[in-house]
Amino acid sequence: MLKVLLVQPVHASLKSLEEIFHEKNFVSRAVKRITFPLGLMEIGSVLEKNGIPVKIVDLDRYLYHFINDKNISNKTVTLFLEQSLIKEFRAYEPDIIGFSGNYNTNAQFIERCCKEVKKLNKDVKVVVGGHYFTNSYRKALMDADHLDYVVLGEGEEVMIDLVRAVENNDEASLNSHRHIVTKANAAANAITNKSAAMVADLETLPPINYNLLEDIPDYLSSKLDMHTIVSRGRTLQAVTMMTSRGCPHSCTYCASYQVHGKKMRAFSVDRVIEEIDFLVKNYDINTIAFEDDLFTYSRKRTIEMCQKIVERWPDRFILNFPNGIAVYTLNDEVVYWMAKAGMKEINLAVESGNQFVQDVVIKKKIKLETVKPVVDILKKHGVFVRAYFILGFPGETLDMMRDTKNFAKELKLDWSIFSFATPIAGSELYATALRNNNLVSDNLEESTYSDFRLKSDDWEPEDVVDVQEEANYEVNFLRNYNLVEGDYKKSKTIFAEIVDDYPKHLLANYSLWRSHMGLGEYTEAAEIEARMQKLLQAEERNMRILKKYDLLNEKPFSQILVAA
Ligand code: B12
Ligand code: SF4
């Protein structure tokens, strides 16, 4: 039987990782946590169930050790990862190697690895899949000599077909497979009849075999400080799960449907509860981050799941929703049960505070007047409310972006995340930006996702960067809702965590100082004052911030500057 090696490359851009490593600036959350490579775990479990030997190598876990183990060498991150993979490859001697490519940031590294493994064994078959490759397969196959197949969409069932066809040397069935693009297909331009695979009934998938991963404790450990800021006081044993696939909506910036489709498919509540039970018994988990695109798509299912969690494990869990929860799915009853089951904080997917942008530009179509009542319900149930916003869509003016800033303020959120619009391959945003010449560069592989890569007749990219900074500083720091309302205990928790991660952040220090002052903790406040004095001396940028945000005459800066 052929052996399969499945590889999860690091999710962040290697360029940014090299910079982080070079500067020894490991505070970045990108390298402090690792989470399950769920796609490969699902595929691996299916292969195994079908008697196909399989191993998973998660390079994110290697990276985690590279960054966190103190005796690391002076190699570059890229070289270290490449050599780690080669070692695994030599030891396992697979016949087929599959790379997961969900991000454009993965593409160049995967290409390098394909080349290296083909050097070691020219007969090994190289297959890639995932979100990025499903959307960019044509380019991938044209560019890379060392790539044999791209699997489109969900790979569980297709990989079985692929392994069997490779085993039988049946190139014809690979070429004609609806969900596999071969080099021959690309060369003959015979790819019009291909489409993304979708597992019709998720219940037919076997339970995930967690033993496919090495060192599960690395993934669970609270040291990784994943997912949450309000619950860091507790020792977390955290996992990620995906209980449903698909989303019927059509937000222009999203490309998830290209892989998981628009039709909702879900595991039954009982199956989810069984899996949680397994994870509790085997790994003592107490935190779950749900990675579903639309976790609350059914109020009935959400309530049923939460009720069963409460029944079985009262007060055990912290439930987390890093992808954002759709505002329209929440009401008092749903929030009550989610909070009772362990939702201490929520990320609301709001994205814009301008109705025209909602309806026409991003087609998310949230009615803005429905958001505040939902925020109020969440607060009533003691949930820490964070919301996601995106700025910088072509078609959105700078004033519309400022509407988003003001809307976030009015919502009285605990925190607001303002991201830049990112043209993801496969999204409507990408297609229109390409057509209308709104892309700064169409080389997706250069993108780190955190840089802003769009242009428009209405603004320069730097203007959007300015509005984003302004929104973040004003809403989260200077007019932070908890500071304004005098909930200094809560604001202290929030800003202490931020200062811990970003000790040189002037406004985070200032906000922590205000929290301590509000609580009458003058000794702690004095320590922060001393730190801010150094920060002002060290970086010219900090004086600019004081001037721009009218802080020169505010305490403690007025005193610090006089003393200086
Ligand atoms: C979990 C997750 C993350 C985790 C990943 C951790 C990890 N170890 O995997 C973290 C938090 C790191 C992350 C980060 C980001 N993410 Co993300 N993430 C997800 C999410 C929610 C779930 C992924 C998942 O586990 N799915 C479950 C499994 C079952 O599905 P899957 O991974 O897609 O795998 C299936 C297929 O893709 C395919 N497949 C995958 N690999 C392979 C390999 C082979 C060989 C084969 C045959 C098939 C195959 O088969 C699998 C089984 O069906 C998806 C959304 C989604 N619905 O998938 C977004 C998603 C993948 N992320 C996305 C984005 C935009 C980001 C960020 C940019 C967000 C941000 N603004 O910071 C960053 C990227 C960081 C970076 N590169 O610098 C986009 C993809 C973007 C793109 N195509 O370019 C998605 C689709 C979300 C969206 N709605 O658009 N993310
Ligand atoms: S952004 Fe969320 S709600 Fe919108 S289409 Fe994507 S998954 Fe669905």
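**Figure 1. Contacts and overall fold of the predicted model.** Of the contacts in the protein with a separation of 6 or more, 73% link residues 24 or more positions apart. The model is predicted. The protein has 25 helices and 14 strands. Along the principal axes, its C-alpha atoms fill a box of roughly 80 × 50 × 50 Å. Of the 564 residues, 43% count as buried.

**Figure 2. Domain 2 against domain 3.** The protein is divided into domain 1 (4-188), domain 2 (244-265 + 278-478) and domain 3 (480-564). The C-alpha centres of domain 2 and domain 3 lie 29 Å apart. Their contact takes 8 residues from domain 2 and 8 residues from domain 3. On the side of domain 2 that touches domain 3, helix 19 (residues 461-478) gives the most, with 4 residues. That side of domain 2 divides into 5 nonpolar, 1 polar and 2 charged residues.

**Figure 3. The shell around ligand 2.** The residues surrounding ligand 2 are C247, H249, S250, C251, C254, S256, D293, L294 and A326. Among them are the cysteines C247, C251 and C254. By class, the shell divides into 5 nonpolar, 3 polar and 1 charged.

Figure 4. K363 sits in the loop between helix 15 (355-361) and helix 16 (371-380). Its phi is positive, about 55°, although K363 is not a glycine. K363 counts as partly exposed because it has 16 C-beta neighbours inside 10 Å, where a buried residue needs 20 or more and an exposed one has 12 or fewer. K365 is also found in the loop between helix 15 and helix 16. Phi of K365 is near 60°, again a positive value in a residue other than glycine. With 13 other C-beta atoms within 10 Å, K365 is partly exposed.

Figure 5. The peptide bond joining K555 and P556 is cis. Its omega is about 0°. P556 is found in the loop between helix 24 (540-548) and helix 25 (557-563).

Conventions:
Residues are numbered from 1 along each chain as its sequence is written. Chains are lettered from A and ligands numbered from 1 in the order in which they are written. This is a predicted model: local features need pLDDT of at least 70, side-chain atom pairs count only at pLDDT 80 or more; totals for chains, interfaces and linings use all residues. A residue is near a molecule or strand if its C-beta atom, placed from the backbone, lies within 6 Å of it. Ala, Val, Leu, Ile, Met, Phe, Trp, Tyr, Cys and Pro count as nonpolar, Asp, Glu, Lys and Arg as charged, and the others, Gly among them, as polar. Domain bounds come from an automatic or database domain assignment. Two residues are in contact if their C-beta atoms, placed from the backbone, lie within 7 Å. Helices (H or I, at least four residues) and strands (E, at least two) are DSSP runs, numbered from the N terminus.
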